[in-house]
Amino acid sequence: AVKVPGMLIAAVSASPYFGGKVKSHDMATARKVRGVRQVLNLGDPVAVPADHNGAARKGLAAAAVEWDRGPAAAYDTATMVSDLERASLGDGATARAEGNVVAARTTGARTLEAVYQQPLMAHAAMEPMNCTVQLSKDRCELWTGTQVPTRAQAAAATAAGLKPEQVVVNNQLLGGGFGRRLDVDNVTQAVRIARAARVPVKVVWSREEDIQHDVYRPYHFNRLSATLDAGGRPVGWQHRVTGSSIMARFAPVAFKNNIDGDAIRDAAGPYHFPNLLVQYVRQEPPAGLLTGWWRGVGHMQNAFPVECFLDEVAHAGGQDPVALRLALLDKHPRARRVLELLAEKSQWGRPMPARQGRGLALTHAFGTYAAQVCEVAVDDDGTVRPLRVVTVVDCGIVVTPSTVEAQVQGGNVFGLSAVLYGNITVREGRVEQSNFHDFRVMRMNEAPVMETHIVPSTEAPTGIGEVATVLSAPAVVNAVFAATGKRIRTLPIDGATLRSA
């Protein structure tokens with residue numbers, strides 16, 4: 001733990017309402033708490049520096065901060081979805097166009113259409129956001145875990161009124177990043193607090209503060225259509241992605257021609273469709289509801305709709321999901337090998353008991369080819385229980401196989417938590433969830449048996465840390481269909497829709 005001479009520990013409360021400001025607070029009562037040294041009203045936030053964390057928390061609670069409801073007080077999840085749905089009806093910006101999907105639809109035997117939706121998601125890293133700042137007239141030194149030290153340096157310099165070269169960043173262990181620590185809002189906040197306090201401060205967010213002030217994975221609204229020929233093979237594929245642009249906020253120079261390249265980076269997967277159209281429609285939530293990358297980034301938000309809709313196409317065309325994918329992977333022999341090994345190791349095609357099913361998903365993410373089969377049981381009350389997860393990866397040369405296995409297992413737990421429980425909802429201009437009681441993470445006793453198989457390769461080594469997270473949602477959802485015959489197109493899984501009659 002970082003300790004600086006004269007340092008105080010600051011508890012902090014920022015407005016839970018998007019764009020809200022302090023309406024009132026009880027500074028006098030807060031100052032009476034033993035150990036509290038200051039109560040700082042910065043408009044947004046309020047901070048209480050104290051001798052130790054317990055005093056800071058008690059002081060903040062005693063301050064009884066009340067907030068105005070901000071300019072987005074009427075905003076809720078239903079409004080967000082309605083806005084996205086309406087925006088998705090437009091043509092959007094064309095990201096990929098091959099062949100002619102309109103002509104294919106005219107000459108094809110049949111066309112399938114579906115809408116897939118994914119909710120806002122918090123990162124909920126085990127270590128909440130924190131930052132220690134020591135500030136003087138011509139120097140700022142900070143200690144924090146960040147994925148972007150230079151951005152942290154620039155943010156601290158702006159907040160302190162200094163030049164970047166006057167800021168020293170001591171980067172610490174992340175305590176979990178997953179994309180959350182690509183943003184530096186906590187750094188700006190901590191420097192503001194240190195500047196007002198005029199002493200070194202360690203700002204530590206509570207779990208509630210962390211979840212309600214995250215930079216959330218965007219809500220994505222996906223419209224897909226596929227045209228099948230007489231043999232049931234897709235000859236046309238169209239995917240329109242509608243959602244917030246992370247690139248436009250984080251790296252505006254990369255947001256070109258109204259296209260967020262990350263949002264559509266895997267919109268057709270590694271598959272070959274003779275006629276293909278991928279479009280992007282930007283639709284932003286209100287100011288104050290920030291969106292950012294979540295583990296798996298664009299692959300994560302594309303794999304779920306693509307792999308699940310491809311499963312729909314396979315069943316509609318009377319084809320086996322593995323066989324259909326193999327037929328669409330002529331340009332990716334490594335992907336074919338991954339699928340073939342997965343079919344063998346997962347015993348694909350082996351019958352399963354009633355209300356149990358096996359689902360498949362494939363990805364080419366971060367240079368790695370990976371595929372997964374998840375086996376689930378769906379209880380009579382609608383509870384989905386993952387039983388077994390088999391993952392095959394080709395990530396090039398592998399130096400330490402145990403590291404690959406650990407990354408796959410961790411990614412599985414992260415992804416399974418998301419598909420089964422993960423959902424951030426908004427009501428009256430604020431996030432409703434606040435801790436792990438209403439933003440669930442998979443418990444140890446809920447974890448399935450996990451098998452990881454590595455394809456021997458002499459290719460250059462590639463990424464492994466996020467591929468399993470990318471695969472979990474579509475593999476589980478496809479398994480639920482196999483077990484119940486019911487399609488899940490909106491996450492997380494709603495068990496009420498899966499109850500047996």
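Is the crossing of α5 and α6 right-handed or left-handed? I looked this up first. The model is predicted. In it, the crossing of α5 and α6 is right-handed.

**Entry: the helix pair**

I took the geometry next. Helix α5 covers residues 149–160 and helix α6 covers residues 185–197. They pack at an angle of about 35°. Their axes lie 9 Å apart. Then I listed the residues that meet. From α5 I noted A152, A155, A156, A159 and A160. On the α6 side they meet V187, T188, V191 and R195. By class, I have seven nonpolar residues in this contact, one polar and one charged.

**Entry: salt bridges**

How many salt bridges does the count come to? I get 23 salt bridges. I went through some of them by pair.

I started with D83 and R86. They form a salt bridge, and their closest N and O atoms are 2.7 Å apart. Both residues sit in helix α3, residues 77–88. They are three residues apart, about one turn of the helix. Is D83 buried or exposed? I find D83 buried, because its relative accessible area is 18% and the cut-off for buried is under 20%. R86 counts as exposed, at 52% relative accessibility. The cut-off there is over 50%.

Next I checked R180 and D185. Their side chains meet in a salt bridge at 2.9 Å, N to O. R180 has 2% relative accessibility, so I log it as buried. D185 is partly exposed, with a relative accessible area of 28%.

Then I looked at R334 and D394. Their side chains also meet in a salt bridge, 2.9 Å from N to O. Which parts of the chain does this pair link? I placed R334 in helix α11, residues 333–345. D394 is in strand β17, residues 384–394. R334 is partly exposed, with a relative accessible area of 22%. D394 is buried, at 3%.

I also found a network. Salt bridges that share partners join R350, R358, E375, R388 and E451.

P492 is in the segment after α13 (467–484).

**Entry: positive phi**

R198 has phi near 65°, a positive value in a residue other than glycine. I located R198 in the loop between α6 and β11 (201–204). Is R198 buried or exposed? R198 is exposed, with a relative accessible area of 75%.

E428 has phi near 55°, again positive in a residue other than glycine. I located E428 in the loop between β18 (426–427) and β19 (430–431). At 40% relative accessibility, I log E428 as partly exposed.

Technical notes
Residues numbered from 1 in each chain as written. Predicted model: local features only at pLDDT ≥ 70, side-chain atom pairs only at ≥ 80, totals over all residues. Heavy atoms only, no water. Axes fitted to C-alpha atoms, helices over the stretch in contact; angles between N-to-C directions. Helix = DSSP H or I, 4+ residues; strand = E, 2+ residues; numbered from the N terminus. Left-handed = near helix turned anticlockwise from the far one by under 90°. Contact = heavy atoms within 4.5 Å. Nonpolar A, V, L, I, M, F, W, Y, C, P; charged D, E, K, R; others polar. Salt bridge = Lys/Arg side-chain N within 4 Å of Asp/Glu carboxyl O. Buried < 20%, exposed > 50% of the residue type's maximum accessible area, 1.4 Å probe, protein only.
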